[in-house]
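I opened my notebook to look up a few places in this model, one at a time. Come along and follow with the structure beside you.

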Amino acid sequence: MFEQLALPLMCAPMSFASSVDLAVGCSKAGVVAGWQGGTVTSLDEFSRYLDALQGIDGAPAIVNLPARIATETDGEAKLALLEAHRIPLVLSSVGNPATLVERVHGWGGKVIQDVTTLRHAEKSLEIGVDGLMLTCAGAGGHTGFITPLAFVPAVRKMFDGLLIVGGGIADVHGIAAVLTLGGDLACMGTRFIATPESGVVQAHRAMIARAGIDRIMISAAMNGVPANWIRDSIEQSGLDPDSLPAHRVPMPEGIRPWRDIFSAGQSVGLIDEIEPVASLTARMAGEFSALVPGDLWRERLAAIEQDWG
């Protein structure tokens with residue numbers, strides 16, 4: 001499954017930023033191709049992702065779904081499409097993944113649970129997930145609040161399986177740090193928003209390329225859940241970033257969070273330009289090989305896959 005990786009890296013599934021072009025570009029370039037299936041409302045669009053990724057001799061795709069997907073409108077139809085395509089990896093988030101684990105295991109797939117706390121990680125492992133994604137402080141969108149310096153080693157003490165780590169990572173030094181801490185794959189989201197292939201508007205890409213780390217702020221005002229946003233886009237929407245309450249508020253007319261108010265992680269300070277997926281991945285793969293010689297990370301992923309059976 002992981003043989004075609006160019007480096008130990010996954011593209012995060014992201015609302016509005018995920019696109020067929022981004023997923024296909026990542027898979028072909030050798031990056032685990034995350035895409036946001038939970039926000040895709042059309043079954044035709046859902047099928048387009050699966051059809052486009054079918055048969056690519058590249059890195060595997062991983063689709064993000066809410067744990068409760070089976071109870072949602074068209075949820076069963078989406079699961080049937082995933083089963084028909086034998087999708088190998090599903091990223092579960094928000095809720096109890098027990099039903100999803102049973103369903104995905106039925107076609108031989110593996111479920112990775114997105115967690116932000118140690119207790120959530122413990123409960124997910126008790127249910128029987130196959131791996132964990134640790135969303136740490138500094139992540140874009142619905143961020144975590146624990147530093148990876150503490151979170152990753154704490155989880156590794158109780159779990160020897162696949163650990164994906166995200167939060168403020170945009171270069172190979174961050175990837176190397178993930179491996180040093182005990183993770184297996186780094187996850188980048190903001191870095192891949194700033195590519196031509198992402199599904200965001202051009203203004204979002206451009207704002208990431210020029211924003212600094214001090215322009216990122218946490219707010220729950222947009223949708224009721226704390227998330228990292230670019231301060232400049234909040235101001236442009238007509239809201240005052242300094243007076244936002246700690247709860248959800250009505251948005252100005254015509255303004256939609258994620259689409260018009262731009263999310264990004266603290267890694268914006270490491271991103272200076274918009275770069276196509278292929279050249280971005282090739283550049284980072286070369287830099288990573290120079291920084292972390294050898295194939296220990298590949299051997300580790302191969303061992304995990306063997307344990308999965």
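**Entry 1: a glycine in a loop**

Where is the place of Gly168? I found Gly168 in the loop between β7 and α7. Before going on, I noted that this is a predicted model. Gly168 is partly exposed, with a relative accessible area of 34%. Then I listed what Gly168 touches, not counting residues up to four places away in sequence: Gly138, Ala139, Ser267 and Leu270. I also looked up Gly168 and Cys187, which are 19 residues apart in sequence, while their C-alpha atoms are 9.2 Å apart in space.

**Entry 2: the barrel**

Next I turned to the strands around that loop. How many strands close into the barrel? I counted 8 strands, in the order β1-β2-β3-β4-β5-β6-β7-β8, with parallel pairing. Neighbouring strands of this sheet are turned by 25 degrees against each other on average, if direction is ignored. As a reminder to myself, strands of a sheet pair through backbone hydrogen bonds, either parallel or antiparallel.

I picked one pair to follow by eye. Strand β4, residues 89-93, is joined to strand β5, residues 110-115, by 4 bridges, and the two run parallel. In this pair, Val90 stands opposite Val111 of β5.

Then I checked which strands helix α7 touches. Helix α7, residues 172-181, packs on the sheet and touches β1, β7 (162-166) and β8 (185-188). The direction of α7 makes about 140 degrees with that of β8. I looked at helix α1 (residues 20-29) too: α1 lies across β1 (9-11) and β2 (32-36), and runs at about 165 degrees to β2.

Ser18 sits in the loop between β1 and α1. Is Ser18 buried or exposed? Ser18 has a relative accessible area of 11%, so it is buried, since the cut-off is under 20%. Its side chain reaches the backbone nitrogen of Gln36 at 3.3 Å. Leaving aside neighbours within four places in sequence, Ser18 is in contact with several residues, among them Ala12, Pro13, Tyr49 and Gly199.

**Entry 3: helix α12**

Helix α12 covers residues 296-308, which makes 13 residues. From its first C-alpha to its last, α12 reaches 19 Å, close to the 18 Å expected at 1.5 Å a residue.

Which residues of α12 are buried? I wrote down Trp297, Leu301, Ile304 and Trp308. Seen down the axis of α12, these buried residues fall within an arc of 55 degrees, so they line one face of the helix.

On the face turned away from the buried side, I found the exposed residues Leu296, Glu299, Gln306 and Asp307. Just after α12, Gly309 takes a positive phi of about 80 degrees.

**Entry 4: an arginine in α12**

I stayed in helix α12 to look at Arg300. At 25% relative accessibility, Arg300 counts as partly exposed. What does Arg300 touch, not counting residues up to four places away in sequence? My list reads Arg156, Asp160, Gly161 and Asp184. With Asp184, the side chain of Arg300 makes a polar contact of 2.7 Å. I also compared Arg300 with Ala176: they are 124 residues apart in sequence, and 14 Å apart in space from C-alpha to C-alpha.

Asp74 lies in the loop between β3 (61-66) and α3 (75-84). Phi of Asp74 is near 65 degrees, a positive value in a residue other than glycine. With 34% relative accessibility, Asp74 counts as partly exposed. Arg86 is in the loop between α3 and β4. Although Arg86 is not a glycine, its phi is positive too, at about 50 degrees.

**Entry 5: a serine in β9**

My last stop was Ser219, in strand β9 (residues 216-219). Ser219 is buried, with a relative accessible area of 5%. A polar atom of its side chain lies 3.0 Å from the backbone nitrogen of Ala221. Beyond its neighbours within four places in sequence, Ser219 is in contact with Val225, Pro226, Ala227, Trp229 and Leu244.

How values were computed. Residues are numbered from 1 along each chain as its sequence is written. This is a predicted model: local features need pLDDT of at least 70, side-chain atom pairs count only at pLDDT 80 or more; totals for chains, interfaces and linings use all residues. Side-chain values use heavy atoms; hydrogens and water are left out. Two strands pair if DSSP finds at least two bridges between them. Axes are lines fitted to C-alpha atoms, for helices over the stretch in contact, and angles run from 0 to 180 degrees between N-to-C directions. Contact means heavy atoms within 4.5 Å. The expected span of a helix is 1.5 Å times one less than its number of residues. Buried means under 20% relative accessible area, exposed over 50%, partly exposed in between (1.4 Å probe, protein chains only). The arc is that of the directions from the helix axis to the C-beta atoms. A polar contact is a pair of N or O atoms within 3.5 Å; within protein, one must be able to donate a hydrogen and the other to accept it, and residues adjacent in sequence count only if both atoms are side-chain atoms.
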